[in-house]
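This briefing sets out the architecture, helix packing and ligand surroundings of one protein model. Please read it alongside the sequence and the coordinates shown here.

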Amino acid sequence: MAQPRRTFVRVKNLSKSYGAFQALKSISFSIDAGDGLALLGPSGCGKTTILRCIAGLETPDAGLIEIDGKVVFDSARGIDLPPEKRELGIVFQSYAIWPHMTVGENVGLPLKVRRVSKSEIEARVEEALTLVGLEGWQGRSAMALSGGQQQRVALARAIVHHPRLVLFDEPMSNLDTQLREDMRMDLRQLQERIGFTSVYVTHDHGEAFALARNVLVMNRGLVEMQGSPDAVYFKPHKPFVAKFFGYNILKGTMSSADEVEFAPGLRLRVILTDLAAGTPVHACIRKEDVLFCESDGLPCEILTHIFQGSHDEMLLRCGGVFDLRAHWEPRRYDSPSCQITIAPERCIVMPANL
Ligand SMILES: Nc1ncnc2c1ncn2[C@@H]1O[C@H](COP(=O)(O)OP(=O)(O)OP(=O)(O)O)[C@@H](O)[C@H]1O
Ligand SMILES: [Mg+2]
């Protein structure tokens, strides 16, 4: 029988202002033990502020934070445990590696401040370095590390004291694309092997989906949508979420319960909605769901096509009315025009006032 899931982190009605600016507006979420939660959103939406509040590096104005059944912050009861009493590991965007220390001294730091014995520090450092693929690197100078190696050292330091919760703040933003993809895979395997609970801050949805079972899409201090990677990506509830994942957002009006009109005579079939004819809507369509066709499609003008290796990035003007972006198989375009189709079930319709 499946084990019942246990809530490990609970955040309730968390608010934080800087002067008159409200950075977090009553944020609530929970994370089950061993799970990852990703905080995803554009720059300035409040991701780092949430991490800092969980870590105890920032004092929220209101709300409650519970880690492993223990209240670490509660504005109502005046509880605010200092960071060192919250037993967590953090990987900052900047890595924060000390250049004058060796790799081993950097990684062992959280144990040293906890007054762990020298022999145990040595054993744990070795274990952590092995986990991140840097076995035997203890004696190297931290000054001579590449970005990717620094990232691994920061990761080893975050897990060396066996924290039950690890907070990641865009740990891969300084790495090149290939290294990011490798690290993403390594981190995922590490997470599966040692089973820590994590909060992962990023604005890269590929990274969020790889490392978290749940995703919070944030905007201006608010949660726009919360759900599995699959749900937030394929079933966005709001135009903001769809736009964040790169959907085309087209303004139109319902002409019937299963058809959207963009201009006189320019219509698209959608799956049956409960929206009345005349309702202004947004039609949200992924680039991959705008399909090239030979006949019976909507006529489009090809404005731009850019070869991207795995696909062509297309900018199309449809019926002379709206522009659409599409991802197509690389091919030759012998004509400046083409035709497209969009399957009704691939067009997500939302009332325009959401
Ligand atoms: N110490 C501070 N004083 C004043 N304003 C702050 C402070 N820290 C953060 N802010 C503001 O709060 C908002 C949220 O900041 P935060 O760092 O949480 O954003 P973020 O989502 O992590 O962004 P990024 O993706 O750029 O790292 C921003 O508008 C920021 O300017
Ligand atoms: Mg940030």
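Angles between axes count as roughly parallel under 35 degrees, roughly antiparallel over 145, roughly perpendicular from 65 to 115, and oblique for the rest. The structure is a predicted model, in which local features need pLDDT of at least 70 and side-chain atom pairs count only at pLDDT 80 or more, while totals for chains, interfaces and linings use all residues. Residues are numbered from 1 along each chain as its sequence is written, and chains are lettered from A and ligands numbered from 1 in the order in which they are written.

**Overall architecture**

- The protein contains eight helices and 21 strands; helices (H or I, at least four residues) and strands (E, at least two) are DSSP runs numbered from the N terminus.
- Along the principal axes, the C-alpha atoms fill a box of roughly 75 × 50 × 50 Å.
- Of the 354 residues in the protein, 35% are buried. A residue is buried if 20 or more other C-beta atoms lie within 10 Å of its own, exposed if 12 or fewer, and partly exposed in between, with C-beta atoms placed from the backbone.
- Among contacts with a separation of 6 or more, 63% join residues 24 or more positions apart. Two residues are in contact if their C-beta atoms, placed from the backbone, lie within 7 Å.

**Helix 2 and helix 4**

- Two packed helices are described by the angle between their axes and the distance between the axes. Axes are lines fitted to C-alpha atoms, for helices over the stretch in contact, and the angles run from 0 to 180 degrees between N-to-C directions.
- The axes of helix 2 (residues 103–113) and helix 4 (residues 147–159) come within 7 Å and cross at roughly 30 degrees. The two helices are therefore roughly parallel to each other.
- Val103, Asn106, Val107, Leu109 and Pro110 of helix 2 make the contact with Val153, Ala156 and Arg157 of helix 4.
- By class, this contact of helix 2 with helix 4 comprises six nonpolar, one polar and one charged residues. Ala, Val, Leu, Ile, Met, Phe, Trp, Tyr, Cys and Pro count as nonpolar, Asp, Glu, Lys and Arg as charged, and the others, Gly among them, as polar.

**Helix 2 and helix 3**

- Helix 2 and helix 3 pack at an angle of about 120 degrees, with their axes 9 Å apart. That angle makes helix 2 oblique to helix 3.
- On the helix 2 side, Gly104, Val107, Gly108, Leu111 and Lys112 meet Ile121, Arg124, Val125, Ala128 and Leu129 in helix 3.
- The contact of helix 2 with helix 3 has six nonpolar, two polar and two charged residues.
- The buried residues of helix 2 are Val103, Gly104, Asn106, Val107, Gly108, Pro110 and Leu111, and they pack against helix 3 and helix 4.
- Helix 2 is followed by Arg115, with a positive phi near 55 degrees.

**Val125 in helix 3**

- Val125 lies in helix 3 (residues 118–131) and counts as buried because it has 24 C-beta neighbours inside 10 Å.
- Leaving aside neighbours within four places in sequence, Val125 is in contact with Gly104, Val107, Gly108, Gln138 and Val160.
- Val125 and Leu187 are 62 residues apart in sequence, and their C-alpha atoms are 18 Å apart in space.

**Surroundings of ligand 1**

- Ligand 1 is surrounded by Tyr18, Ala23, Gly41, Ser43, Gly44, Cys45, Gly46, Lys47, Thr48, Thr49 and His203; a residue is near a molecule or strand if its C-beta atom, placed from the backbone, lies within 6 Å of it.
- Helix 1 (residues 47–55) gives the most to this shell, with three residues.
- The shell around ligand 1 divides into three nonpolar, seven polar and one charged residues.

**Individual residues elsewhere**

- Asn13, in strand 1 (residues 7–18), has a positive phi near 50 degrees although it is a residue other than glycine. Asn13 is partly exposed, with 15 other C-beta atoms within 10 Å.
- Glu170 occupies the loop between strand 8 (165–169) and helix 5 (177–194). Glu170 is not a glycine, yet has a positive phi of about 45 degrees, and is partly exposed, with 19 other C-beta atoms within 10 Å.
- Val321 is placed in the loop between strand 18 (312–318) and strand 19 (322–328), and is partly exposed, with 14 other C-beta atoms within 10 Å.
- Beyond neighbours within four places in sequence, Val321 is in contact with Phe262, Ala263 and Leu266.
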